[in-house]
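Open the model in your viewer and keep the selection tool at hand. The tour goes from one selection to the next.

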Amino acid sequence: MRYALYFTPDRDHLLTVAAAAWLGRDAFSNTAVSIVDNHGLDPAELLRWTAEPRRYGFHATLVAPFQLSPDNDERDIVRATEIFAARSRPVLQQHLKLALLDRFLALVPSTTCGELAGLAAAAVDHLHHLRAPLTVQEIARRNPERLTERQRAYLDRYGYPYVKDEFRFHMTLTGPVTTAEAARIEPVLHCLLAPMLVTPIEVDSVALFVEPEPGAPFTVHSTYRLRAGETGKTACHA
């Protein structure tokens with residue numbers, strides 16, 4: 001069993017609903033969502049392109065999936081997440097935009113947001129003591145030979161190479177795609193998501209996701225409001 005700390009909008013948020021319709025699964029209920037309109041895309045290709053993000057659920061990673069150490073159990077990570085949420089301030093995010101990151105399409109902030117990076121770094125530090133060390137096989141799956149020296153050091157220390165100054169807030173919408181495939185998909189996603197991207201998104205909660213067994217879909221275990229300084233919100237600054 002693995003746990004992860006993600007951000008995802010509320011289950012009835014228009015962006016959550018639209019993303020579930022695109023991916024074909026609702027991570028809150030762990031139920032399939034019928035893709036009524038493929039917008040001219042081949043259904044089989046669409047299922048292939050969205051297979052990986054469909055399993056993980058619509059989210060932005062704050063703390064990547066990890067196994068608990070033998071000294072900890074689910075009650076410990078739930079309690080730690082409650083404490084983290086109580087101590088953390090909501091972040092009023094700038095608008096999101098669609099971008100091609102490496103080889104996958106994702107929603108990213110329209111400008112750099114140091115407050116979001118700070119939130120993710122704090123989450124990584126707060127939950128670090130609960131994490132079991134990576135196995136040799138888990139390290140190998142990260143292709144450490146392709147990582148920079150800093151990313152490899154983060155992988156060894158935190159179990160994930162893209163933390164701290166390597167963190168990039170993103171909400172994945174496809175698995176790896178070619179340049180030609182991305183050119184076909186992007187107009188469809190722009191059409192589908194444009195109404196949801198006209199207003200800033202507020203990162204005002206965190207969600208504990210769980211993978212009950214290797215390869216199983218990640219589902220929302222519980223959500224927690226960020227409650228520090230509830231009378232005000234931290235705005236993003238480039």
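Strands here are DSSP runs of E, at least two residues long, and helices are runs of H or I, at least four, numbered from the N terminus. This is a predicted model, in which local features need pLDDT of at least 70, side-chain atom pairs count only at pLDDT 80 or more, and totals for chains, interfaces and linings use all residues. Residues are numbered from 1 along each chain as its sequence is written, and side-chain values use heavy atoms, with hydrogens and water left out.

Now show β10 and β11 (residues 219-225) whole: they run antiparallel, joined by 6 bridges. Two strands pair if DSSP finds at least two bridges between them.

Is β10 enclosed or open? Of its 7 residues (205-211), 7 are buried, so the strand is largely enclosed by the rest of the structure. Buried means under 20% relative accessible area, exposed over 50%, and partly exposed in between (1.4 Å probe, protein chains only). S205, A207, F209 and E211 point one way, and V206, L208 and V210 the other.

Next, select T50, in the loop between α2 (43-49) and α3 (51-56). T50 counts as buried because its relative accessibility is 0%. A polar atom of its side chain lies 2.7 Å from the backbone oxygen of L46.

Note on methods. A polar contact is a pair of N or O atoms within 3.5 Å; within protein, one must be able to donate a hydrogen and the other to accept it, and residues adjacent in sequence count only if both atoms are side-chain atoms.
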